[in-house]
Amino acid sequence: MEVSAAISLSRTLSLLSPISLTSSSIPYLPPLSLSRRCHLRHRRYTLSRSFSLPPAVPFSSSSSSSSRENEDEEAELVEIEDSELEEEYVEDDDSIDVDSLEREAELVVREFSDSLSRQLTIDEERSSPKEAQVKEKRRNNTSKNIPDHLLPKVAIVGRPNVGKSALFNRLVGGKKAIVVDEPGVTRDRLYGRAFWGNYEFVVVDTGGVLTISKSQADLMEELAISTTIGMEGIPLATREAAVARMPSMIEKQATVAVEESSVIIFLVDGQAGLNAADVEIADWLRKHYSDKCIILAVNKCESPRKGISQASEFWSLGFDPLPVSALSGTGTGELLDLVCSGIKKVEEPEYLEEENYVPAIAIVGRPNVGKSSILNALVGEDRTIVSPVSGTTRDAIDTEFTGSDGQKFRLIDTAGIRRKAAVASSGSIPEALSVNQAFRAIRRSDVVALVIEAMACITEQDCKIAERIEKEGKGCLIVVNKWDTIPNKNQETTVFYEEDVRRKVRSLSWAPIVYSTAIAGHSVEKIIVAAAAVEKERSRRLTTAILNQVVREAVAFKAPPRTRGGKRGRVYYSTQAAIRPPTFVFFVNDAKLFPETYRRYMEKQLRTSAGFAGTPIRLLWRSRRKMEKNDGKDGPTKMQENFKDREKKLAVPA
């Protein structure tokens, strides 16, 4: 009985396994990459569905032969599909001129950059050709090897609305400071390099000094401070206290500028005449800084004849008045002669190494999120005024900073960016100019720290700022400030908060997130560490071999979709044409055959395989026909002629 049961079981097993596999019957296959194995597995699954076998039948020689024929057909189709994928990625080496494609890739990047810059033009940024020539001449005449901290400083002080910022722009050459016919626009110290002849120095713009005690209403009117805009959640008593402290904070910034300067330009208003505040400032300078070179400049003296009579009124201050005009430039040459007579000429140090590149980090965000607090915590001093008053920071404040590892950065504090409609409805010209300067700071920076408040929800304005950063091609990190205000934090709080930020700010899904409390100085050093890492990623370049390998595996894993007519996109060649941000050019048969979904897929594969955390990457798709083989006897091809014409048009004039 047991023997018959064993024989029946053996027959059943033989029917269930018609083909006996041995080690000798399995061919050797070379190891495949993970993406390649997944691709082949998908292909075999598709083919098995197309060539599905009938239900299981008892084993026979005829069924074995048909099964082997199906397996041969399947292997042949897999081989055909693999050869198609290889053909879709690259052409024959004889038909590709790599040097020509590399040059063409550079032109593609230049065309894209020019087009993007025209789209992102900032208001009042375009300058006339004459102004551009003057700026270029100033750059050529200015030494770039002497650091700012080694140059002598010249401070401009005076009461509000006498033209200090206009004179500052005149001396440094440009529109670095905001100039509006309103008092109290400038509040922080603003630095700029200037030269005159063989002398080079740093000019410091300061806020208006108010030494006369005034009422609360007079102060608000004098400094144009609002206690309502952006301060809805702050108690009224706190608002009034912040407004009352504002003049002392501005004066403290001016005092620091005077103490670190070798020459002081005391600026007064020649049209308004002598003022009681001018007398008090003159007494303050004479009492505490008599050892410094003090120059009394009478501004707004456009007419040389009237200027002498206007300046004669200020002889009573105890200094020799000099009539000047910051608007027209009248008398600024004599003023600069006096400035150079009071400073020492600084020679370029022999031991100093040339600094070719110093990364700039712009700190941006909505008002009252703690941007100035972050800057002060990083530099370890009250570099900018910190106040709950909305719009305290007006100008873009540049500050040199050296990290713990010795790497140098240029930190840029910016004004809060409100919605465009809110700025327009307020009618504040200084705020509109401050927002423009904030956008300019993003453009001239390398890494942007987007600051958001921990307790405040991410608004539409934060998303718009993030989109602007991504379009500008800047590296970015998201700084969640005031992290100590989150109650009952645990290990999962950070995870949930990061998921919420990623979901709402999708344009910066690649940006690292740093949590800090700037007012207490907690974790602010992580901002510099993250910014340095982002800058390295932004400046990294992939070799062409590695890039083409990554793209080849991406195409093998997921081929471009076919159109209804049966056409499919083919990638001929890919190269990294630029850094900061990393820009890749793909030469394909037709760029229209690569939909947006596939382009995002390719970007995701590049980030997964090659990194580039914290920086946007740009993928430019270039359509080109298959080059005909040319031995050089028939002259240049039509594509090469078009390439030369395009190169001539884009050539920058010397």
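This is a predicted model: local features need pLDDT of at least 70, side-chain atom pairs count only at pLDDT 80 or more; totals for chains, interfaces and linings use all residues.
1. In β9, Ile-412 is the bridge partner of Ala-362. The contact belongs to the pairing of strand β7 (residues 360-365) with strand β9 (residues 408-413), which runs in the parallel sense over four bridges.

2. Strand β9 also pairs with strand β8 (residues 397-402), here in the antiparallel sense and over six bridges. Within this pairing, Glu-400 stands opposite Arg-410 in β9. The strands β8 and β9 form a hairpin with five residues between them. In the turn, Gly-406 has a positive phi of about 90°.

3. A separate point concerns β13, β14 and β15. These three strands make up an open sheet with the order β13-β14-β15 and mixed pairing. Because β13 (571-578) and β15 (618-623) stand at the edges and each has a single partner strand, one side of each is left without a neighbour in the sheet. Neighbouring strands of this sheet are turned by 25° against each other on average, direction ignored.

4. The pairing of β13 with strand β14 (residues 583-588) is in the antiparallel sense and extends over six bridges. In this pairing, Ala-578 stands opposite Thr-583 in β14. Helix α4 (residues 98-119) packs on the sheet and touches β13, β14 and β15. The direction of α4 makes about 60° with that of β13.

5. The most is given by α19, with six residues.

6. The second largest pocket holds about 650 Å³ of space. Its lining comprises 20 residues, and those that lie nearest its centre are Glu-470, Glu-596, Arg-600, Glu-603 and Ile-617. By class, the lining divides into 10 charged, eight nonpolar and two polar residues.

7. With regard to domains, the lining of the second largest pocket draws at least three residues from domain 2 (360-539) and at least three from domain 3 (544-623).

How values were computed:
Residues are numbered from 1 along each chain as its sequence is written. Side-chain values use heavy atoms; hydrogens and water are left out. Two strands pair if DSSP finds at least two bridges between them. Helices (H or I, at least four residues) and strands (E, at least two) are DSSP runs, numbered from the N terminus. Axes are lines fitted to C-alpha atoms, for helices over the stretch in contact, and angles run from 0 to 180 degrees between N-to-C directions. Contact means heavy atoms within 4.5 Å. On a 1 Å grid over the protein atoms alone, a cavity is a set of points where a 1.4 Å probe fits but cannot get out, and a pocket is an open set with protein on both sides within 12 Å along at least five of seven lines; lining residues have an atom within 4 Å of a point. Grid points are joined across faces, edges and corners, and a volume is the space filled by probe spheres set on the points. Ala, Val, Leu, Ile, Met, Phe, Trp, Tyr, Cys and Pro count as nonpolar, Asp, Glu, Lys and Arg as charged, and the others, Gly among them, as polar. Domain bounds come from an automatic or database domain assignment.
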